[in-house]
Amino acid sequence: MGQVREGARLAAWAVSGVIGLAVLYVIGVLAFGGAEWITAPFRGAADKRENTGGSGEFRQTTYEEFFDLCAAVQNAEGTIQALREEREVASETRLTQIDQSITALKATRIESVNTYNAKAAQEHRAPFRDKDLPYRLDAGAERTTCTN
């Protein structure tokens with residue numbers, strides 16, 4: 001009977017050891033991996049600030065990008081106007097080419113307007129839009145003004 005008690009005691013120690021190791025493992029995972037998981041939102045917010053507002057290159061590029069997009073809209077409008085003027089004296093063959101070009105330029109203009117508006121609405125880009133640029137561009141407008 002003494003051997004049974006000794007065997008039970010060894011089994012209890014073995015089980016306790018396994019449970020102890022499992023507890024240590026869980027504590028280790030939570031301590032190292034859990035800390036990373038818990039701090040992820042803070043680190044993500046800090047990275048976002050550093051990559052946008054804290055980056056001079058991002059600020060400058062974004063600032064210029066709004067001007068470039070607005071200028072692209074104006075360029076398309078100017079070319080459309082020139083083609084409309086040419087249309088008044090164009091040959092029949094040239095009329096078809098002009099109409100196709102105007103259609104393509106209208107699509108390009110709308111794409112530029114939509115890109116400008118989408119970027120202006122992005123929270124991390126909006127602060128870098130020049131105060132003289134419009135908040136939104138109007139896709140239906142005949143003429144776009146890039147400065148107020």
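A salt bridge is a side-chain nitrogen of Lys or Arg within 4 Å of a carboxyl oxygen of Asp or Glu. Keep that rule in mind as you look at R125 and E65, which form a salt bridge with their closest N and O atoms 2.9 Å apart. R125 lies in the segment after α3 and E65 in helix α2, so this pair ties together parts that are 60 residues apart in sequence. Helices here are DSSP runs of H or I with at least four residues, numbered from the N terminus.

Before we go on, a word about what you are looking at. This is a predicted model, in which local features need pLDDT of at least 70 and side-chain atom pairs count only at pLDDT 80 or more, while totals for chains, interfaces and linings use all residues. Residues are numbered from 1 along each chain as its sequence is written, and side-chain values use heavy atoms, with hydrogens and water left out.

Now back to E65. Its side chain also meets that of K119 in a salt bridge, at 2.4 Å from N to O. Because K119 lies in helix α3 and E65 in helix α2, this pair ties together parts that are 54 residues apart in sequence. Through shared partners, salt bridges join E65, K119 and R125 into one network. R125 is buried, with a relative accessible area of 16%; buried means under 20%, exposed means over 50%, and partly exposed is in between, using a 1.4 Å probe and protein chains only.

How many salt bridges are there by this rule? The count comes to seven. One of them brings together the side chains of R87 and D99, at 2.7 Å from N to O. R87 is in helix α2 and D99 in helix α3, twelve residues apart. R87 is partly exposed at 35% relative accessibility, and D99 is partly exposed too, at 32%.

Next, follow the chain to its cysteines. A disulfide is a pair of cysteine sulfur atoms within 2.5 Å, and by this rule there is one. It joins C70 to C146, with 2.0 Å from S to S. The two ends come from distant parts of the chain: C70 sits in helix α2 (residues 56–87) and C146 in the segment after α3 (92–121), 76 residues apart. The torsion about the S-S bond is about -105°, so the disulfide is left-handed. C70 is buried at 0% relative accessible area, and C146 counts as buried at 10%.

Both cysteines also belong to the largest nonpolar core, which has ten residues in all. Such a core is a set of buried Ala, Val, Leu, Ile, Met, Phe, Trp, Tyr and Cys residues joined through side-chain atoms within 4.5 Å. Other members include F66, L69, V73, V113 and Y116. Helices α2 and α3 are the elements that give two or more residues to this core, and α2 supplies the largest share, four residues. In soluble globular proteins, nonpolar side chains tend to be buried together.

Finally, which residues line the largest pocket? They are E77, I80, Q81, R84, K106, R109, I110, A139, G140, A141, E142 and R143. They divide into four nonpolar, two polar and six charged. Helix α2 gives the most to this lining, with four residues.

Notes. 1 Å grid on protein atoms, 1.4 Å probe; cavity = no way out; pocket = protein on both sides within 12 Å on 5 of 7 lines; lining within 4 Å. Nonpolar A, V, L, I, M, F, W, Y, C, P; charged D, E, K, R; others polar.
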